[in-house]
Each structure stands twice: as structure tokens, then as C-alpha cells.
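Good morning, and thank you for coming. Please look at the sequence and the structure on the screen while I speak.

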Amino acid sequence: MNRYICIHGHFYQPPRENPWLEEVELQDSARPYHDWNERITAECYAPNAASRIMGPDKKVSRMVNNYASISFNFGPTLLSWMERHAPEDYQNILAADKESRARFSGHGSAIAQVYNHMIMPLANARDERTQVLWGIRDFEYRFGRKPEGMWLAETAVNTRTLEILAEHGIRFTILAPHQAAKVRKIGDEKWTPLKGAGVDPQMAYVCPLPSGRKIHLFFYDGPIAQEVAFADLLKSGVNFANRLLGVFPRDLHHPRLVHIATDGETYGHHHSFGEMGLAYCLHHVDSNDLARVTIYGEYLEKFPATHEIQILENTSWSCVHGVERWRSDCGCKIGDHRGWHQKWRAPLRQSLDWLRDTLSPHYEEHMSALAHDPWQVRDKYIEVILNRGTQNVEDFFRQNCREGLDAREKVKALKLLEFQRHAMLMYTSCGWFFDEISGIEGVQILQYAGRVLQLAKELFGEDLEGHFKKMLEAAPSNIPDLRNGAAAYEKFVAPARTDLTGVGAHYAVSAMFDDHTGGRAGKRVYCYTVREEIYDLKQEDGRTFVIGCLHVRSDITREEGSVDFAVVPREGHHLSAAARASTSEEESRVIHQEMSQAFANGDVLEITRLMEHHFGTTKYALKYLFRDEQKRIFDEIIHSAMEEFEAHFREVYEHYYPLMEAREELHIALPKALNACIEFILNRDLLELLAREETDINALKRIAAEVKRWSFEIDKTKIGFVAMRRVIFLMRDLEKDPRDMRLMGSVDDILRALAPLDLNLDLWRAQRSYLAIGRQVAEGRLPTPEPRWLEFFRKLGGHLHVQSEQSEHSERGV
């Protein structure tokens with residue numbers, strides 16, 4: 001067999017964590033999911049680990065882990081998020097790499113990635129080196145082996161980048177065809193220039209480097225990759241396979257490799273069910289022995305490079321102007337906003353470069369007092385990022401810092417290293433990729449810069465924020481109200497900034513809406529631990545007042561301190577809160593005594609005066625809470641109002657039900673106001689029924705029938721989301737106890753009841769559970785099922801659109 005196929009998926013999301021909280025906050029644009037990481041995981045990363053292959057009857061016949069059959073890389077910051085928030089899907093990715101080693105002659109399908117997707121040719125040499133070292137170490141930590149290859153952000157490359165990869169043991173990387181400059185056969189002296197995308201993509205190349213090192217390069221098939229990413233090739237796995245097979249030469253005397261590389265999100269997120277097209281393509285090729293599916297490491301071992309290659313310097317796969325997309329208004333963009341420009345790109349990069357270069361000498365000076373080599377200790381800091389446990393951090397200090405650091409010096413060392421981490425995160429490529437500086441990606445890197453500025457002020461006494469914002473004024477926004485990058489910074493970054501006092505204020509305000517039980521054990525607030533030293537809740541004559549003192553500790557830098565606070569509820573749901581860093585126990589006692597006395601006297605003006613006197617003019621309210629807590633508390637506040645709406649609308653719905661029936665006979669449209677009332681009730685009832693532990697199937701059928709009968713509009717996205725999760729939850733319970741026919745019947749009833757609503761439920765997780773139960777039956781791990789159980793199981797398979805051949809096998813005693 002001389003025909004080889006390799007498909008590479010670059011699975012990546014930019015780091016989205018709030019730099020002060022180290023968690024991704026609520027992103028409304030990702031609804032019905034919490035944030036874009038969660039949404040894209042559900043649409044792409046998770047289903048690619050259990051991709052469905054359909055049988056001739058258009059039902060799911062089996063599921064495969066695509067990652068075990070393709071070459072892939074995952075962004076380290078994305079895997080870090082998945083490890084915490086999608087552990088099952090994360091483990092499926094790691095398991096796929098282990099499985100692939102058995103298939104691909106000991107080579108794993110995963111390759112590494114530069115750490116936070118920095119455009120390497122635009123980075124300084126130190127940052128390039130750390131990006132590679134952190135990417136390698138992160139890969140080793142997760143996959144338990146050294147990486148053979150490494151993905152470069154946007155495939156952006158120059159010779160210096162390749163030298164760093166080769167220096168650290170990376171054997172190959174993947175580039176676009178137009179990034180090749182010259183080629184020659186090994187042993188020849190003359191180089192042949194290549195024009196455009198003239199390189200032969202069906203072979204491996206070796207790139208000799210000035211240092212004497214070398215690295216292998218693969219140039220993917222550009223036209224096919226474009227069709228996969230931007231056309232409809234994934235709608236048919238057979239067509240996808242035939243397109244790959246169709247570019248092999250007719251007379252094939254030597255091994256040839258047809259390979260493509262695209263964003264991994266192509267398979268499921270950009271193209272719905274794209275993971276299924278990928279799975280069937282590979283299945284079709286394999287099962288019909290049309291070519292050998294391989295990965296780059298295996299192919300290199302079998303067929304070493306016969307030709308040498310030189311690259312075009314400072315090029316990438318997504319900018320025809322080289323790497324200008326990340327530093328100039330080159331014309332490359334993604335949206336269709338007429339009249340928009342990207343003149344903000346150059347000033348943004350210049351501002352960040354100035355910030356980095358101004359502060360680097362300060363870092364060197366201060367870290368030199370704590371460690372022998374400031375830049376080597378930064379390279380090693382990935383060990384702490386991967387595991388912030390107390391013992392691991394102490395081991396890091398012992399191995400990389402000077403002996404005898406006290407607690408204060410350790411805090412300073414961690415803050416210095418966090419300053420450096422954020423100084424690299426602020427160069428994440430997505431900040432420049434899109435069309436507007438105030439977009440979600442641009443704001444994200446500005447927030448990282450904001451964290452750098454904050455740490456610099458705390459560490460070095462340097463307040464550079466004013467000059468930084470002045471430089472951002474030269475970055476014009478396309479949004480008239482924002483004007484420029486400085487305005488975007490003020491609107492989106494400044495409000496997000498917090499510190500120990502801000503975390504204490506958040507805790508104090510939030511506690512007013514909880515069933516507060518007190519206690520000194522400590523509560524986790526994102527990457528902080530808050531412990532109550534004093535929490536004095538006073539209530540009198542319908543008035544409430546809280547004053548106290550909190551101990552707040554950063555779990556990242558170990559910085560800690562006490563925070564005095566006071567919260568005074570106002571009319572309605574408003575409140576006034578104040579917080580300050582505690583200076584002494586005596587002063588905290590005086591504040592507590594004076595304000596408690598003013599409250600006991602009912603002296604509102606005196607309370608206000610004392611708050612300003614002791615805490616200053618900075619006040620905290622609901623809008624200063626962190627995003628998720630804002631949403632939680634707002635939902636609590638509005639809950640009673642929604643209940644009132646529901647009671648009133650339900651009365652209208654029941655009173656005018658006969659009118660609805662008359663309207664149907666007369667073919668007259670209902671007034672919009674009445675229509676809105678009825679749709680509100682139907683949506684609420686559907687959501688409430690699906691949220692119950694025991695679903696009232698008759699009620700569910702009745703509401704679904706009414707929606708269908710009168711063509712009412714329902715929130716299909718939200719209801720479908722809740723229904724999907726309900727069915728998945730029940731199927732997982734059924735997988736644990738397949739004999740529970742009542743549970744099996746409940747799932748079947750819900751699916752049948754919801755069918756008229758055309759919710760287009762994506763039930764691959766439920767289908768996976770069904771197939772797992774079928775395997776238990778087929779393999780004899782369950783006692784021989786009774787005919788009645790088999791009948792129920794087949795019915796459920798029909799509603800889940802899954803072949804139920806396993807139950808048929810079990811009936812025959814297989």
C-alpha cells in the first residue's frame with residue numbers, strides 16, 4: 001500500500017479566564033451554555049470522542065473516538081479548562097492518544113502546541129523559548145510522553161522559531177503550502193524556487209537550519225483543507241474520502257501522503273455534525289482498504305524525507321501578507337462590516353511591546369534577588385501552573401529559588417512570575433485576529449495587560465497605566481461610542497480589576513442574599529479563600545445592617561490580608577457596601593463599635609457619614625459583583641416578580657381558552673398581547689415539567705399538542721437544551737441499572753411526548769449510553785433479558801435512532 005492519508009485537527013480556544021479570578025465568567029453570547037468553552041466543548045470537543053457512524057437504515061450503528069485516528073493538538077490553556085470543567089471529555093482525549101499508539105506503530109496522535117498561541121515571529125526570543133518549553137512540559141504532564149511535533153499558532157514561522165523547536169527536541173511541524181520557498185533533493189546542491197503553493201504536499205521534507213540542526217516539515221493540501229473548512233465537504237463522509245483519494249497520482253510507485261490541517265472546531269462547531277463526516281470518511285477509507293490512515297510521526301519513521309526545504313520567512317496560514325494580520329491594517333479580516341478597518345492593530349501591539357519592554361528590566365532586577373536566573377525560573381514556572389498544591393509550590397521554591405526565602409519573599413516571587421505569565425497571555429493571537437479591538441478577544445488581552453499593570457504597581461511602585469492608556473488612544477475603534485482602545489480599556493477592563501479588598505466586598509454583598517450560617521472554615525471565591533473573622537448581622541424594626549472583618553487569601557500568589565466591611569440595605573433591592581484593607585485590630589474595633597451604635601440609634605445620616613469617614617467614598621453595590629454572582633442574585637430578585645407574572649398570565653390563559661378554540665374555527669389571529677401571555681405559560685410549563693424528578697408525561701403531551709395545534713412559538717433553544725440534559729441524565733442512570741424498565745419507559749415516554757415540538761435534540765451522549773447497554777447484553781455481562789425488556793429496549797432504540805442489533809444478538813443467545 002503506497003497511499004497514506006492523515007487528517008490534522010488544531011483544537012484551540014483562546015484563554016478566556018478573568019485574569020483576577022482565574023475562571024471563565026458568564027458569557028451571554030454563548031447561550032444556552034455558560035460560556036464559549038462550554039458551548040464548543042458540547043458541539044465539538046466532546047462528540048469527537050464519541051462520533052456516530054450511521055448504518056444503511058440511517059440509524060447509529062456504532063461510535064468511534066476520532067482523536068484516536070487523526071493527528072491533533074489541543075491548546076494547553078484549553079486542556080487546563082477541560083481538566084477542571086469537562087473531566088470526562090478531557091480523559092477521553094488523553095485515552096485516544098494512548099489508543100492511537102497501538103494503531104500507529106507506537107506513535108501517538110497528539111502533538112504539542114506553543115503555550116498560549118502567541119505569534120512566534122513577532123515575539124521576542126525569550127518569550128518564544130518559554131512558549132515552547134511550557135508547551136512541551138504541559139504536553140508531557142497530560143499525555144505522559146514527549147511530543148514528536150508541535151503546532152505553531154496560525155502556523156506563523158521563521159527560521160528562529162524552527163531553531164528553538166529543534167533545539168528542544170521537536171521533530172516536525174505542519175505548515176501551509178504557500179510557506180515553502182525552495183526545495184532540493186537531499187544530496188543535490190541546487191535549490192529550486194517554489195512559486196505560490198507550488199510545493200508537493202504529498203511528502204515529508206527536512207529543513208536544514210543555520211545551527212546545524214534540522215526539523216521536518218509537512219505542507220498540507222491547501223485546496224482540500226479550504227473545502228473542508230469553508231465549503232460543504234463534511235456533509236458526506238464518502239465525498240470527503242473520495243476528495244482525498246482523488247488527488248493521489250494514478251501511477252503510484254512510491255509512498256504518497258495526502259494530508260490536510262484545519263481548525264479542529266471545523267468538526268462539529270463550525271459545521272454541525274462535522275465530526276460525523278470525519279468519522280465516516282475514515283471508516284470508509286479503512287473498511288474498504290482504499291488507503292492507509294496514518295499520522296505524521298509514523299509516516300516519518302516509515303518513509304524518511306528525501307528532499308530538503310527552505311521556508312518563506314514570517315509567514316502564516318491565515319494571512320496572505322505574512323504575519324501582518326497581527327500588527328497592521330493589512331486587509332485580512334473575518335467579518336462583513338462594511339467600512340470597518342483594523343488600524344487599531346499596530347497601536348495595540350506597540351502598546352503591549354512598550355509595556356513588556358519597560359517592565360522586563362524591573363523583573364530581572366527583583367527576581368535576581370530571589371533566584372539565580374530570572375528567566376530560567378520563569379521557564380520552570382509551568383510546574384506551578386500545572387499544580388498549585390502547597391507541597392508542589394514549596395518544591396518549586398526549593399529547586400529554583402535561593403535558599404531560605406521567607407513567606408513575604410515567596411509571595412513576591414509568585415507575583416513576579418504571575419506578572420510574567422500575564423505578560424505572555426496578553427499576546428494571545430486572537431486579540432488581533434478579529435475585526436474590532438473592543439470584541440471579546442481584544443478585551444481579553446487588554447485585561448491581561450491590566451493585570452500586568454496592577455502587579456507592576458504593587459511590585460515596583462511603577463504606575464504605568466496612564467501612559468499605557470495614552471498609547472491606546474492611537475488605536476481607533478470601529479464603534480463610534482468607544483472611540484479608541486483607551487475607552488475600551490476603561491469600559492471593559494477597569495471594572496473587572498479587583499484585589500483582596502474587592503474580593504472581600506464581593507463576599508460581603510453576596511452574603512446578604514445567602515442563607516448565611518457564618519463560620520470560620522473558609523469559603524472559596526474563585527481563586528481566593530475568604531474566612532470570616534467577624535460577621536455581625538444586626539436586624540431591628542425591619543432594618544438590616546452587617547459589619548465585620550474578613551481574612552482574604554489569594555490561592556495563586558499567597559498574598560493575604562484582612563478586610564473590614566459594612567453593608568447597609570437601601571430601598572427596594574439596592575444596598576450600599578464599603579470595604580477597606582484592615583490596618584489594625586484596634587481600628588477595626590472602633591469602626592465596629594461606632595457604626596453599631598449608629599445603627600442602634602436608627603441614625604441613617606450618621607451611618608452614611610461613618611462609612612465615608614472610615615471607608616472613603618468608594619462604594620460597592622450589585623453591579624460590582626462578579627458576573628456569575630450578579631446573574632444568580634438578579635435571578636433570585638426577579639423570581640418573585642416572575643411568579644406574579646405567571647399567576648396573572650395563567651389566569652388570562654385559562655379564562656380565554658374558549659376564545660382560542662373559537663379562533664381556530666374562525667381562522668382569526670389572536671391579539672399579540674394574548675398570544676404572548678399564552679406562549680409565556682406554555683414555555684414555563686414545559687421547562688418546569690422537564691425539571692421535575694418525575695416528569696408528568698400526560699401534561700407534557702398535552703402542552704406539546706397545544707403548541708403544535710395552534711402554532712405557538714416556544715424557546716426551542718432553551719427547552720431543547722433542558723430536554724437534552726434531562727434525557728442524558730436518565731440514560732446515564734439507565735446505563736448503571738439497565739434492568740430498570742420503569743426508567744427505560746420514562747426516557748421513551750419523554751422522547752415520544754417531545755417529538756411534535758421538532759426540538760432537534762442532539763442526543764449523542766444518550767445514544768452512547770444506549771450502545772453501552774447493548775454491549776453489556778451482547779457480551780453476556782447482563783443476564784439473558786426477558787422478551788418484554790427486549791421489546792422496550794428496541795422501542796427506545798427507535799426513538800433514539802440507534803440500531804438495536806445488540807438486543808437481537810442477546811435474544812439469539814450471542
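This is a predicted model: local features need pLDDT of at least 70, side-chain atom pairs count only at pLDDT 80 or more; totals for chains, interfaces and linings use all residues.

Strands of a sheet pair through backbone hydrogen bonds, in either a parallel or an antiparallel manner. Here, 5 strands form an open sheet with antiparallel pairing, and their order is E15-E16-E17-E18-E19. Which strands stand at the edges? They are E15, residues 523–525, and E19, residues 575–581. Each has a single partner strand, so one side of each is left without a neighbour in the sheet. From one strand to the next, the twist averages 30°.

Within this sheet, E16 (residues 528–540) and E17 (residues 543–554) pair over 12 bridges. As an example, Tyr535 has Gly548 in E17 as its bridge partner.

Two helices accompany the sheet. Helix H19, residues 500–511, packs on the sheet and touches E15, E16, E17, E18 and E19; the direction of H19 makes about 40° with that of E18. Helix H20, residues 585–600, lies across E16, E17, E18 and E19 and runs at about 160° to E17.

We now turn to helix H5, residues 159–167. Which of its residues are buried? They are Thr161, Leu162, Glu163, Ile164, Leu165 and Ala166. These buried residues pack against several elements, among them helix H4 (125–143) and strand E14 (307–311). Just after H5, Gly169 takes a positive phi of about 85°.

The last topic is salt bridges, of which the count comes to 67. In one of them, the side chains of Glu88 and Arg732 meet at 2.8 Å, N to O. Glu88 lies in helix H3 and Arg732 in helix H26, so the pair ties together parts that are 644 residues apart in sequence.

Arg103 forms a salt bridge with Asp286, with the closest N and O atoms 2.3 Å apart. Because Arg103 lies in H3 and Asp286 in helix H8, this pair ties together parts 183 residues apart in sequence.

A further salt bridge joins Glu559 and Lys415 at 3.4 Å, N to O. Are these two residues buried or partly exposed? Glu559 is partly exposed, with a relative accessible area of 27%, whereas Lys415 counts as buried at 7%. Finally, salt bridges that share partners join Glu22, Arg388, Glu418 and Arg421 into one network.

Note on methods:
Residues are numbered from 1 along each chain as its sequence is written. Side-chain values use heavy atoms; hydrogens and water are left out. Two strands pair if DSSP finds at least two bridges between them. Helices (H or I, at least four residues) and strands (E, at least two) are DSSP runs, numbered from the N terminus. Axes are lines fitted to C-alpha atoms, for helices over the stretch in contact, and angles run from 0 to 180 degrees between N-to-C directions. Contact means heavy atoms within 4.5 Å. Buried means under 20% relative accessible area, exposed over 50%, partly exposed in between (1.4 Å probe, protein chains only). A salt bridge is a side-chain nitrogen of Lys or Arg within 4 Å of a carboxyl oxygen of Asp or Glu.
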